Amino acid sequence: DVPIAVSAFSAKSLASQRIDGGANLVLAVPNVSFSKTSYTGYNFQIRGIGAALVATSSDSGVGIHENNAPLTSNRLFEAEFYDVERVEVLRGPQGTLYGRNATGGLVNIITATPTSQREGSITGEYGNFNTTKVKGFVNMPFTDTFSVRFAGSYLSRDGFTTNQANGQKVDGR
């Protein structure tokens, strides 16, 4: 009953648009910008509201939630979306429902829940700099009312830069 600007992506939509992490949301969501700051910080902005602060004690103007629970210390810039049901990006103030740290908007990641079907999947990628990415899940129903779902992701990459002092690669993941 209330107008809201929302962009929601199902797991199928995320895969078809190659949105495999938090930083890639800028490719499909209007009024969103993203920049990596120093150390482990980032600035994810919706309609110009975010956090350009370096301090770890600072609060962002965009809330990051997983299954509707706030993630105060998150690493959205490194997050890999795997085994998710959907990702929702709500633009504009969301403080009434999600609290004070959602003045710019909110990113809500909804994970997949166990189902009553026996299923599983595994995907893998290999690329330059020995980039290896593997994602998978297994869903096992035990009774009509009890099912278990296991999911995991693995990512590894050699560094791009060589340290001239010792010859080792840096910037790996």
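**Figure 1. F81 in the loop between β5 and β6.** In this predicted model, F81 sits in the loop that joins β5 (69-70) to β6 (84-91). Strands here are DSSP runs of E with at least two residues, helices are runs of H or I with at least four residues, and both are numbered from the N terminus. The model is predicted, and local features need pLDDT of at least 70, side-chain atom pairs count only at pLDDT 80 or more, and totals for chains, interfaces and linings use all residues. Residues are numbered from 1 along each chain as its sequence is written, and side-chain values use heavy atoms, with hydrogens and water left out. F81 has a relative accessible area of 7% and therefore counts as buried (buried is under 20% relative accessible area, exposed over 50%, partly exposed in between, with a 1.4 Å probe and protein chains only). Not counting residues up to four places away in sequence, F81 touches L14, I19, D20, G21, G22, L25, V87, I109 and K135; contact means heavy atoms within 4.5 Å. The C-alpha atoms of F81 and T103 are separated by 24 Å, with the two residues 22 residues apart along the chain.

**Figure 2. S7 in strand β1.** S7 belongs to strand β1 (residues 5-10). With a relative accessible area of 11%, S7 is buried. Its side chain makes a polar contact of 2.7 Å with the side chain of R91. A polar contact is a pair of N or O atoms within 3.5 Å; within protein, one must be able to donate a hydrogen and the other to accept it, and residues adjacent in sequence count only if both atoms are side-chain atoms. Leaving aside neighbours within four places in sequence, the residues in contact with S7 are V29, P30, V87, E88, V89 and R91. Between the C-alpha atoms of S7 and Q45 the separation is 15 Å, and these residues are 38 residues apart along the chain.

**Figure 3. The aromatic pair of F34 and F44.** A search of the whole structure finds 3 aromatic pairs. One of them is formed by F34 and F44, edge-to-face, at 6.4 Å centre to centre and with 65° between the planes. The pair links distant parts of the chain, with F34 in strand β2 (residues 32-36) and F44 in strand β3 (residues 42-46), 10 residues apart. Rings of Phe, Tyr and Trp (its six-membered ring) pair if their centres lie within 6.5 Å; planes under 30 degrees apart count as stacked, over 60 as edge-to-face and the rest as tilted. F34 is partly exposed at 25% relative accessibility, whereas F44 is buried at 2%.

**Figure 4. The chain as context for the close-ups.** The chain contains 2 helices and 12 strands, in the order β-α-β-β-β-β-β-α-β-β-β-β-β-β from the N terminus. Its C-alpha trace spans about 60 × 40 × 30 Å along the principal axes. Of the 173 residues in the chain, 31% are buried.
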